[in-house]
Structure formats: structure tokens, C-alpha cells
Amino acid sequence: RKRIVSGVQPTGSIHLGNYLGAIKNWIALQNAYETLFFIVDLHAITLPYETQQLAKATRDTAAIYLACGVDSSQASVFVQSHVHAHVELMWLLSAAAPIGWLNRMIQFKEKSLKAGDENVGVALLTYPVLMASDILLYQSDFVPVGEDQKQHLELTRELAQRVNNLYGGRKWKKLGGRGGAIFKVPEPLIPPAGARIMSLTDGLSKMSKSAPSDQSRINLLDSKDAIANKIKRCKTDSFPGLEFDNPERPECNNLLSIYQLISGKTKEEVIQECQDMNWGTFKSLITDALIDHLHPIQVRYEEIMSDPAFLDGVLTEGAARAKEIADATLNNVYQAMGFLRR
Ligand code: AQP
């Protein structure tokens with residue numbers, strides 16, 4: 001079976017964007033592919049963070065994966081830092097990664113510009129090398145990526161090819177290796193349309209964990225009242241009726257898309273149902289749909305959190321399965337790069 005890897009950072013509450021853009025799609029993939037879903041805690045420290053929160057957020061994120069329907073008997077669910085090979089391979093890859101490639105990464109430019117050079121850790125620059133390590137360790141065939149991560153995946157692909165050229169093939173064979181490519185070059189798996197969920201308070205910026213206002217996002221664990229309140233106060237417009245894809249109505253497009261994804265209806269069905277509605281009627285419809293969709297996830301989340309031994313078991317087993325694949329790749333890389341092995 002073809003293999004897929006993906007992960008979410010434990011940097012705050014998991015929101016509807018993470019769910020509709022990533023986790024919900026994983027569930028659809030786990031039957032057809034071999035899947036590894038991890039909680040990327042090592043990535044979560046690239047910007048200032050709260051040490052008292054990291055471990056809790058990591059466990060919460062794992063529990064949310066399971067509550068959303070990730071099946072730990074099929075998928076390997078684990079914490080990135082529990083598999084040491086991620087960091088080790090990252091160092092080896094960073095020797096092959098030209099600084100120029102990293103300097104061109106837009107996310108780094110944007111985030112570092114905000115904070116200023118003296119306040120930004122080196123890890124923010126080398127973050128894409130760790131991401132490449134996360135993917136290449138598992139010889140992944142596909143990586144589900146949103147628009148924002150496309151550039152990083154392209155870097156992963158180029159880095160894989162560069163390492164294959166520098167150290168693979170005949171040179172590796174001479175060192176006792178199997179020869180050929182060290183890494184599989186992964187392909188992006190672009191999620192279904194409409195999977196970029198925007199902020200509730202500004203239809204032009206994406207829904208994000210790190211946005212200062214909690215009103216801008218629906219968290220998966222929000223109470224019924226919180227959901228109702230956020231939808232009540234979310235940004236709308238004063239055009240008549242409701243419609244998708246009008247560039248002058250980004251909030252309208254976003255809310256209709258959310259409703260479509262949550263209700264499982266087609267776009268045409270949503271158009272038929274909602275085009276003549278006013279905001280008041282639609283808001284009560286989407287509020288109910290969100291509450292109904294999230295309720296079973298919240299119930300499962302509580303069950304999982306009430307049984308810490310179960311969650312520990314899932315994460316231990318997931319890390320063990322991941323380690324087997326990761327260590328095999330890492331050993332190949334050490335060998336191909338000419339290291340003296342124990
Ligand atoms: N608004 C979104 N719409 C669709 N997909 C989204 N994702 C995030 N936001 C949206 C997808 O969620 C996955 C995990 O994201 P991440 O935790 O690695 O980091 P992120 O993309 O930076 O997510 P956030 O919530 O915006 O976090 P912060 O604020 O910490 O940077 C990815 O697959 C991402 O595409």
C-alpha cells in the first residue's frame with residue numbers, strides 16, 4: 001500500500017480549519033493507504049511558546065485525532081519527539097540543504113519579519129528541513145498539503161533529489177549499500193476544494209490557532225454556547241441572499257463552505273437551500289449543523305481523556321511502528337554518507 005504522512009502542531013486548540021483542512025481528510029484516506037499521523041511537537045517550539053502547555057497540548061491533539069475518527073489500529077499515531085530519528089535525519093539533511101533554499105521560504109520571511117532577527121530562533125529558518133525529515137524518513141508516497149505548505153513540500157522534494165544525487169546510487173553501493181535512491185520523492189496530495197477555512201472575523205485571513213482573538217475560530221472543543229455566540233458575532237455583509245465565490249463576499253463564501261463541508265451536502269444542494277436565506281436564518285442553520293457535527297467528537301474526546309492508559313498505549317505503539325521504518329531509513333543515510341557505524 002502507498003504511504004501517507006501528516007501532522008498538526010500542538011500550538012493551541014485544534015480548530016475547524018485544522019479539522020476540515022487536514023484531520024477530516026485523513027479519515028477518508030486511512031482505509032486506502034498506510035498512514036502515519038503524528039503530533040509535530042518539535043515544530044511547535046519554533047516560535048515563543050508556553051512550556052507548561054506543550055505536553056498537555058500534545059496529548060489533547062492526539063486525543064482529538066482519535067476522537068475525529070483516526071483509527072489507531074490502522075494508522076500509526078505518535079508524537080514526533082518520541083521518534084529520535086526525526087532530529088537526527090534533520091541534521092544530516094541540513095548539511096545538504098543550501099541556505100539559499102531556506103532563505104527563499106515565504107513563511108519564514110513573513111514570520112521573521114514580524115518578530116525581527118534578534119528574536120527569531122534558527123529553528124524557524126530550518127523548520128522546513130525538519131519537515132523534510134518528517135516526510136523522507138518514512139519513504140512517503142504522498143503528503144496531504146494545504147496551499148500554505150506547498151512551498152515546503154517542494155523543498156522536501158528537491159532535497160530528496162539532491163541527497164539521492166550526492167550520496168545515492170553507485171557511491172552508496174561501494175559503501176556496501178543497496179545503491180539507487182536513498183529517498184522516495186513524495187508527491188503532494190491536494191485536499192478537496194473549499195478546504196481553506198477562513199477566520200470568522202475576517203474572510204481574507206485563514207482561521208488560525210495563533211490568531212489573538214478566539215472569536216476568529218471555532219475550536220473543536222467549543223461548547224454549544226461558545227459556537228452559537230461566535231456564529232452570532234461573526235462578520236457578515238449586507239448583500240441580499242447568500243452566494244459562493246463572490247470575491248466581494250469572502251465571509252459569505254467561507255460560511256457557506258463550512259456549512260457544506262460540515263453537512264456533507266454538495267455545493268448545488270447548499271446553493272438551493274441557502275441562496276434566498278437572510279443571515280439570521282442561515283446563522284441558526286449553521287450553528288445547529290456545527291453543534292451536531294462536533295458533539296459526537298466532543299463525547300469521544302472526553303471518553304479518550306478519561307482513560308490515560310489507552311492514549312499512552314496508542315502513542316507508545318504508534319512510535320514503535322514508526323521507529324522501525326524511520327530507523328531503517330536513517331541507517332541507510334548514515335551508511336550512504338560514509339559514517340562509521342557501531
Ligand atoms: N484555516 C485552515 N484551513 C484549512 N486547513 C488549515 N490548516 C491549518 N489552518 C487551516 C491545516 O491544518 C494542518 C495543521 O496545521 P499546523 O498545526 O501544522 O499549522 P498551521 O497550518 O500553521 O495551522 P494554524 O492553525 O494556523 O497554526 P498556527 O497559528 O500555530 O500557525 C495543516 O495541514 C494545515 O494546512
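The C-alpha centres of domain 1 and domain 2 lie 31 Å apart. Domain 1 takes in residues 3-195 and 307-336, while domain 2 covers 214-303; these bounds come from an automatic or database domain assignment. The model is a predicted one, in which local features need pLDDT of at least 70 and side-chain atom pairs count only at pLDDT 80 or more, whereas totals for chains, interfaces and linings use all residues. Residues are numbered from 1 along each chain as its sequence is written.

Where the two domains meet, 13 residues from domain 1 and 13 residues from domain 2 take part in the contact. Two residues are in contact if their C-beta atoms, placed from the backbone, lie within 7 Å. On the side of domain 1 that touches domain 2, the elements giving two or more residues are H1 and helix H2 (51-68). Helices (H or I, at least four residues) and strands (E, at least two) are DSSP runs, numbered from the N terminus. By class, this side of domain 1 has 8 nonpolar, 4 polar and 1 charged residues. Here Ala, Val, Leu, Ile, Met, Phe, Trp, Tyr, Cys and Pro count as nonpolar, Asp, Glu, Lys and Arg as charged, and the others, Gly among them, as polar.

Helix H1 (residues 16-29) also gives the most to the shell around the ligand, with 4 residues. Of the 18 residues around the ligand, Gly17, Gly21, Gly146, Ser208 and Ser210 come nearest; a residue is near a molecule or strand if its C-beta atom, placed from the backbone, lies within 6 Å of it. The shell divides into 5 nonpolar, 9 polar and 4 charged residues.

Attention now turns to the interior. In soluble globular proteins, nonpolar side chains tend to be buried together. The largest nonpolar core has 83 residues, and those with the most contacts inside it are Ile64, Tyr65, Leu66, Val77, Phe78, Leu89 and Ala326. Helix H13 (residues 308-336) gives the most to this core, with 9 residues. The core draws at least three residues from each of domain 1 and domain 2. A nonpolar core is a set of buried Ala, Val, Leu, Ile, Met, Phe, Trp, Tyr and Cys residues joined through C-beta atoms within 7 Å. A residue is buried if 20 or more other C-beta atoms lie within 10 Å of its own, exposed if 12 or fewer, and partly exposed in between, with C-beta atoms placed from the backbone. Neighbours within four places in sequence aside, Leu66 is in contact with Ser72, Val77, Ile304 and Val314. Asp327 lies in helix H13 and is partly exposed, with 15 other C-beta atoms within 10 Å.

Helix H10 (residues 250-263) has 14 residues and reaches 20 Å from its first C-alpha to its last, close to the 20 Å expected at 1.5 Å a residue; the expected span is 1.5 Å times one less than the number of residues. Its buried residues are Cys252, Asn254, Leu255, Leu256, Ser257, Ile258, Gln260 and Leu261. These buried residues pack against H1, helix H11 (267-274) and helix H12 (279-305). Just after H10, Gly264 takes a positive phi of about 75°. Helix H5 (residues 106-115), by contrast, is hardly covered, with a count of 1 buried residue among its 10 residues. Gly116 follows H5 and has a positive phi near 90°.

Positive phi values also occur at Gln139, near 50°, and at Asp245, about 60°, neither of them a glycine. Gln139 lies in the loop between helix H6 (122-136) and strand S4 (142-144), and is buried, with 20 other C-beta atoms within 10 Å. Asp245, in the loop between helix H9 (224-233) and H10, is exposed, with 11 other C-beta atoms within 10 Å.

Two further residues show how separate parts of the chain come together. Ile135, in helix H6, is buried, with 27 other C-beta atoms within 10 Å. Leaving aside neighbours within four places in sequence, Ile135 is in contact with Val5, Ser140, Val143, Thr156 and Pro186. Of these, Thr156 is 21 residues away in sequence and 7.8 Å away in space, C-alpha to C-alpha. Thr46 lies in the loop between strand S2 (34-39) and H2 and counts as buried, with 20 C-beta neighbours inside 10 Å. Beyond its neighbours within four places in sequence, Thr46 is in contact with Gly121, Ala123, Leu124 and Tyr127. The C-alpha atoms of Thr46 and Tyr127, 81 residues apart along the chain, are separated by 7.5 Å.
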